[in-house]
Amino acid sequence: FISFGIAAILGNLTMGYVSDHFGRSKVSMFSVFITGVGLALLSLLPFLSEIIYISSFLTGFGYAGGILALIAWLIDVSDINNRTTVLSVQESSMDISIGIGSLLVGISSTWIGLGVSFGVVGLAVLLLLPVLVKLRHS
């Protein structure tokens, strides 16, 4: 958890600056990719216990950097009179998704194991990334 937290701080500080200079969309997509790689690496945990440090660092960096860029993006595109509503819906959506995702990973891990569950989540994120990129361009 410490590795995730330190990486999240670095992700916030780094990706905020980078998104200001290279764009919210590029930083968001890169961050989703990093998060997916970090989650997928957890599938290797039963074979290499040290992978937890790399995985949690990548996941923390990608997650925090991505959330920061997405929040900034929402602020950029939302009307000033609706920003608080937009951000509250975004935050609530994240909280619901984390809750449902945790429940599903917990249930699936009793059937297929925790490593495989995280591997599936990581691969799903990586496989959905091209869809996000296509939506971004449409």
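**Exercise 1. How many aromatic pairs does a search of the whole structure find?**

Solution. The model is predicted: local features need pLDDT of at least 70, side-chain atom pairs count only at pLDDT 80 or more, and totals for chains, interfaces and linings use all residues. Residues are numbered from 1 along each chain as its sequence is written, and side-chain values use heavy atoms, with hydrogens and water left out.

Step 1. Rings of Phe, Tyr and Trp (its six-membered ring) pair if their centres lie within 6.5 Å; planes under 30 degrees apart count as stacked, over 60 as edge-to-face and the rest as tilted.

Step 2. Count. The search finds two aromatic pairs.

Step 3. Classify Phe4 and Tyr63. Their ring centres are 6.3 Å apart and their planes meet at 35°, so this pair is tilted. Phe4 lies in helix H1 and Tyr63 in helix H3 (residues 51–77), so the pair links distant parts of the chain, 59 residues apart. Helices here are DSSP runs (H or I, at least four residues), numbered from the N terminus.

Step 4. Classify Phe57 and Phe61. This pair is stacked, at 6.5 Å centre to centre and 15° between the planes. Both sit in helix H3, four residues apart, which means about one helical turn separates them.

**Exercise 2. Describe how helices H1 and H2 pack.**

Solution. Step 1. Take the axes, which are lines fitted to C-alpha atoms over the stretch in contact, with angles from 0 to 180 degrees between N-to-C directions. Those of H1 (residues 2–22) and H2 (residues 24–41) come within 7 Å and cross at roughly 135°.

Step 1. Name the geometry. H1 is therefore oblique to H2. Angles under 35 degrees count as roughly parallel, over 145 as roughly antiparallel, 65 to 115 as roughly perpendicular, and the rest as oblique.

Step 2. List the contacts (heavy atoms within 4.5 Å). From H1 come Met15, Val18, Ser19, Asp20 and Phe22; from H2, Arg24, Lys26, Val27, Phe30 and Ser31.

**Exercise 3. Check the span of helix H4.**

Solution. At 1.5 Å a residue, the 30 residues of H4 (residues 83–112) should span 44 Å. The end C-alpha atoms are 42 Å apart, which agrees. Buried residues of H4 are Gln90, Met94, Val105, Ser108 and Ser109. Just after H4, Gly113 takes a positive phi of about 95°.

Note on methods: Helix = DSSP H or I, 4+ residues; strand = E, 2+ residues; numbered from the N terminus. Expected span 1.5 Å × (residues − 1). Buried < 20%, exposed > 50% of the residue type's maximum accessible area, 1.4 Å probe, protein only.
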